[in-house]
Amino acid sequence: MKARTQAIGKHAQVKRMTLIAMLAALGTVLRVFKIIPIPNVQPVTDMIIIATLMLGIGFGIWTIPQILAYAVCVLTVAGLAKITPLKKHFTLQLILATFLGFEYGFIVSLGMSIYGGWAAFVAYWLSGLLFDFYHAVGNFGCYFILYKPLTVAFKRKQSINNSTD
């Protein structure tokens, strides 16, 4: 009986994660490809409201540091793209993707210092290094898979935008 209850619980978690992933994908498509051609109409906001109310999506103490960590990652990429030939070298992009797994974890850990000082930062960072390694390796592997389809899609989007200007 216990195994069946656990299986049902895991199944429910998978269904919930799948739903959230589908909503994220829909939000991305609506945002990136501007399916609604009216300026500043952003149904993603509505999706967030409805998902939060219906699914009870909440925040933990790590959420703000995670948001800031991704902002730092974006700034790192943008800064390096300005001073290096990053766009032209796939190998540099792979190195950066790998590095960002560690940078992200470091920034999230740094954010935890707000809650417990430098000791909390050091403890959180050291205990998370293995997960940062997984993140970095995952970035490296996924970059090979995502690079071609995403660059093709974004180039197609740019050519559509350029032809309608």
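## Surface and overall make-up

About 12,300 Å² of accessible surface belongs to this chain, and carbon and sulfur atoms contribute 73% of that area. Keep in mind that the model is predicted. Of the 165 residues in the chain, 18% are buried.

As for the fold, there are 4 helices and 0 strands, so to read the elements from the N terminus is to read α-α-α-α. Looking at contacts with a separation of 6 or more, 64% of them link residues 24 or more positions apart.

H3 takes in residues 63-83, 21 residues in total. Its first and last C-alpha sit 31 Å apart, close to the 30 Å expected at 1.5 Å a residue.

Which residues of H3 are buried? They are Thr63, Pro65, Ala69, Cys73 and Thr76. These residues lie on the same side of H3 because they cover an arc of only 165 degrees around the axis. A bit of helix geometry is handy here: an α-helix has 3.6 residues a turn, so residues three or four places apart point the same way.

## Glu103, a buried charge

Over in helix H4 (residues 90-164) is Glu103. Glu103 is buried, yet has no salt bridge. How far away is the nearest side chain of opposite charge? That side chain is Lys82, and it is 16 Å away.

So what does Glu103 touch, leaving out residues up to four places away in sequence? Its contacts are Val72, Cys73 and Thr76. Two of these, Cys73 and Thr76, are among the buried residues of H3.

Terms used:
Residues numbered from 1 in each chain as written. Predicted model: local features only at pLDDT ≥ 70, side-chain atom pairs only at ≥ 80, totals over all residues. Heavy atoms only, no water. Helix = DSSP H or I, 4+ residues; strand = E, 2+ residues; numbered from the N terminus. Expected span 1.5 Å × (residues − 1). Buried < 20%, exposed > 50% of the residue type's maximum accessible area, 1.4 Å probe, protein only. Arc of directions from axis to C-beta. Lys, Arg positive; Asp, Glu negative; His and termini not counted. Salt bridge = Lys/Arg side-chain N within 4 Å of Asp/Glu carboxyl O. Contact = heavy atoms within 4.5 Å. Areas by Shrake-Rupley, 256 points an atom, 1.4 Å probe, with all protein chains shown as cover.
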